[in-house]
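Let's take a walk through this fold, one piece at a time. Have the 3D view open as you read.

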Amino acid sequence: MITASADRMLARRNLQKPSKLLLLTVGAGTLAAMTVLPAYAEARNAPSSFADLAAKVKPAVVSIAVQHKGAQFNGRRYSHNFRNPFPDGSPYHEFFRRHFQGPNQGQPDPRGQRRAQAVGSGFIVDPAGYVVTNNHVVRRAAKIEVIFDGGKRHVARIVGRDPRTDLALLKIKGDQLFPSLAWGNSDSARVGDWIMAVGNPFGLHSTVTAGIISARGRSLHSATLVDFLQIDAPINKGNSGGPTFNMNGEVIGVNTAIYSPTGGSVGLGFAIPSNTARKVITQLKQDGKISRGWLGVQIQPVSAEIAEAVGLEEARGALVAAVMPESPANRAGVRTGDVIVSWAGKKVKNVRGFVRKVAFTKTGQSVNMVVWRQGSRKTLTVNVGESGAEQAALGDQSPDGVPVRPSIASLGLTVAPVDSQVRRQYGLSQDAKGLVILDVEHNSAAAAKGLRRGDLITHVNGDMVTTAVDMKSGIDQARQNKRDTVLLRILRRNQPVFVAVKIA
């Protein structure tokens, strides 16, 4: 047996020897030389096995089976030309049928409607049966089942969902306490740390993969409230909503997305940090919904040139480009041209960080905000307002100064108000008013109704809309009237069309 002291002696001997060269075959017969590092340079804390960790956490990791009405199966639109490549009787034939062709080979159910079964992952964070998963896993669910390692099933209900962070909280019932997991501190997770993921890729329950944290603070599209952890542990379709663990068995991330040109894992996975997820899940558990802080300003980054022009020592903070009338910022005395440098006693480094600070501030709370104005600091007291579910937390500016396009998550749309740039891009008339559709989420209610990029939404349930807030109000009004659809009037190539879209 080689002891720790023997390892150190071996390392010292290696220091006295020249490094060796190892010839490897790369590509089609090309030889490349790679230096073999001496033993002392190898990772010292690499685990010899993940078996103990996996055995510890797997009982609290679950699969999520979601049934919903529609013509899609497992996120794919069924096609009679999409044939099973494996012969009948092959062990792979049934696997392919279940996970790529859908139940009953895509045939209608006895009630004349086809049902799709989507499969995701989740984990229990409370012994009483509270289960964390992704919002996109359960967004259009008619029925949800939580499946434990071993096959036991429990029907689940949705406690609350948050489309902006893509998180959801479920609740299951049982006669006993359930195994549960503890949250870890994602802020202490470092690039290069070992991590382990557990989930349900392609319906393969309780699959364990391992890797490292590849990067921190990754931005995905317009998800301004999340700085994702990038991981290289293989995660695939079905891992969504599953946990990423540190080596102590604590959840430091919720697996949410992958980047892949092929549809499979290429080592680029993204997880919602636990410190963000825990805040959202705690509020969903307490209130069943998310209430976010709102300031009512449009902001942009502070460049080095702007910092020099206004007399700031460093390029940081958030420059106020506009203040909305009758907003919390307006009532607090915020002015156009102010640079917000501190919020609730903490430095504001950039726009993206400021968006999160305000969004995760409790509504109604009084906060001291420091602004840089005409060469000196000024402290203002802001009573934080409440942001609507479809409203951006801080107006419509992204970290790079490009307008953030509001997401109407309940319909599966990304829209933009009509301005001169939008008019030029989409060939709209000078008197055009409304919201232009920039993107339609795949498999959304809007996609099912044929809405597409470039359509101009002019009215919701008969009321004219010019902002995302207008549209959100129309959707909320429909919900209050106990309607599950909204009537949209759109202009397509200057021709008016009415479309009824189901609210998710």
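This is a predicted model: local features need pLDDT of at least 70, side-chain atom pairs count only at pLDDT 80 or more; totals for chains, interfaces and linings use all residues.

Begin with the barrel. Six strands close up in the order β11-β12-β13-β16-β15-β14, with antiparallel pairing. Neighbouring strands in this sheet are turned by 45° against each other on average, direction ignored.

Now zoom in on one pair from that barrel. Strand β15 covers residues 251–258 and strand β16 residues 269–273; they run antiparallel, and five bridges join them. Across β15 and β16 lies helix α5, residues 274–287, running at about 55° to β16.

Next, a couple of loops. Most residues other than glycine have a negative phi. Ser206, in the loop between β11 and β12, has a positive phi near 55°. Glu326 has a positive one as well, near 60°, and sits in the loop between β19 and α7. So are these two residues buried or exposed? Ser206 is buried, because its relative accessible area of 16% falls under the 20% cut-off. Glu326, at 62%, counts as exposed.

Finally, look at Arg316, in the loop between α6 and β19. Arg316 counts as buried because its relative accessibility is 12%. What does its side chain reach? The backbone oxygen of Val348, at 3.1 Å. Leaving aside residues up to four places away in sequence, Arg316 also touches others, including Val302, Val339, Lys349 and Arg377.

Technical notes: Residues are numbered from 1 along each chain as its sequence is written. Side-chain values use heavy atoms; hydrogens and water are left out. Two strands pair if DSSP finds at least two bridges between them. Helices (H or I, at least four residues) and strands (E, at least two) are DSSP runs, numbered from the N terminus. Axes are lines fitted to C-alpha atoms, for helices over the stretch in contact, and angles run from 0 to 180 degrees between N-to-C directions. Contact means heavy atoms within 4.5 Å. Buried means under 20% relative accessible area, exposed over 50%, partly exposed in between (1.4 Å probe, protein chains only). A polar contact is a pair of N or O atoms within 3.5 Å; within protein, one must be able to donate a hydrogen and the other to accept it, and residues adjacent in sequence count only if both atoms are side-chain atoms.
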